[in-house]
Amino acid sequence: MYLKSKISLKHFNYLEKELLNRFNSYSMKLGGKKIKRLEDIHNLKNIYLNLENYKKIFFELFTERKTKEAYVKFAKLLIKKNFNGNGYFQKTPTIRIHLKGLGLTGYHCDYWYGHGENAITIWKPLTNTKNTCSLYVQNNKIDNKKLLTSFRKKKIDVAQINQILKHLCKKTDVKRNEYLQFNSKVIHGTQKNKENVSRISFDFRIIGINQNFGSKPKENFIQVLENKITKIKSHNKIFKCSTYTNGVSKIAVRNQIIFINSMCMNNNFQVILNDSEIYQLDYLPVLRGMIKNKNLDLIVVYSLKIFKNKNIKNQILKLLKKMNKKIYFCYENLYSDELNNI
Ligand SMILES: [Fe+2]
């Protein structure tokens with residue numbers, strides 16, 4: 001079941017105007033024309049071929065102060081309304097562009113993709129939506145567990161799942177001065193957009209203070225207590241770290257680096273050094289050197305697979321303890337001090 005509420009058009013006025021300006025500038029740079037309304041975005045130069053570049057423009061706007069302020073204000077308002085001013089909201093919203101003539105996301109509920117069972121999804125369009133360019137949401141209490149069990153039993157593929165779920169959902173026709181909210185277990189999705197307009201929207205999740213994050217990392221959320229933003233402890237310190245790659249894992253070193261660097265960015269780790277292990281020396285001399293390096297707080301590695309055996313693992317853990325250092329294992333999303341068999 002969903003709830004549709006109103007919000008003043010002023011709230012995201014800057015975002016809408018600025019988005020239109022920047023989309024137009026980009027289109028003109030490519031030799032295309034200008035549009036007057038965001039819902040005509042499908043007329044911009046090369047958008048069907050270059051959608052990711054247009055999405056990047058949208059995403060970058062969300063990293064800027066003025067837009068961030070509007071987003072945080074909106075999220076705080078929702079936390080006040082739903083959780084008496086105490087809760088969490090996702091740091092970064094997901095942005096969507098539903099182009100004329102195309103489909104977008106299939107039918108699903110966010111709970112299936114790892115959000116906590118009490119999380120609330122907020123869906124805010126920046127264009128008026130109607131019929132097939134709106135979000136389709138099911139508005140009856142449905143037993144999601146039973147649905148999942150039946151899918152598992154029948155082993156049906158995602159296209160078949162989509163067929164079943166789409167009959168449960170109805171259009172929502174949300175306007176620019178409205179937003180939707182629904183629980184993470186509510187099924188929703190999109191149709192092929194057969195309207196003469198496109199849709200631009202963003203969505204994010206909020207959760208109450210004692211509710212669980214599902215499989216989502218807490219670091220992806222901002223905490224609000226008594227209507228004020230508080231920093232989550234792990235955010236307070238910027239760790240100076242070294243990235244470390246090791247040939248033990250069968251993942252190519254360049255792919256390990258991409259993954260490690262992206263995890264460092266997400267976790268606010270400042271990378272000041274990087275190095276690779278000497279493959280032929282399995283006692284891990286490079287790693288030992290890093291642990292002894294006084295300028296580092298943390299070593300960021302691809303996975304626990306850097307330890308070929310328990311003995312080496314225990315020696316490294318002992319050294320970490322002695323030097324008061326930590327290793328962060330990206331793949332397992334785990335710190336060395338969380339490993340129990342020292
Ligand atoms: Fe969703």
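The expected span of a helix is 1.5 Å times one less than its number of residues. I wrote that down before opening the predicted model, in which local features need pLDDT of at least 70, side-chain atom pairs count only at pLDDT 80 or more, and totals for chains, interfaces and linings use all residues. Residues are numbered from 1 along each chain as its sequence is written.

**Entry: helix H1**

I took helices (H or I, at least four residues) and strands (E, at least two) as DSSP runs, numbered from the N terminus. H1 covers residues 13-29, and its 17 residues should span 24 Å at 1.5 Å a residue; the end C-alpha atoms are 24 Å apart, so the two agree.

Next I looked up burial. A residue is buried if 20 or more other C-beta atoms lie within 10 Å of its own, exposed if 12 or fewer, and partly exposed in between, with C-beta atoms placed from the backbone. Which residues of H1 are buried? I found Leu15, Leu19, Phe23 and Ser27. They cover an arc of only 90 degrees around the axis, which puts them on the same side of H1; the arc is that of the directions from the helix axis to the C-beta atoms. An α-helix has 3.6 residues a turn, so residues three or four places apart point the same way. On the other side of H1, I noted Asn13, Lys17, Asn21, Ser25 and Lys29 as exposed.

The buried residues of H1 pack against helix H2 (51-61) and helix H3 (65-83). Here contact means C-beta atoms, placed from the backbone, within 7 Å. After H1 comes Gly31, with a positive phi near 90 degrees.

**Entry: cores**

A nonpolar core is a set of buried Ala, Val, Leu, Ile, Met, Phe, Trp, Tyr and Cys residues joined through C-beta atoms within 7 Å. The largest one has 45 residues, and Leu180 is among those with the most contacts inside it. Another core, of 21 residues, lies apart from it and includes Phe269 and Cys330.

**Entry: two positive phi values**

Glu226 is not a glycine, yet its phi is positive, about 45 degrees. I located Glu226 in the loop between strand E10 (221-225) and strand E11 (228-230). Is Glu226 buried or exposed? Glu226 is exposed, with 9 other C-beta atoms within 10 Å.

Asn268, also not a glycine, has a positive phi of about 65 degrees. Asn268 lies in the loop between helix H7 (253-266) and strand E13 (270-276).

Key. Two residues are in contact if their C-beta atoms, placed from the backbone, lie within 7 Å.
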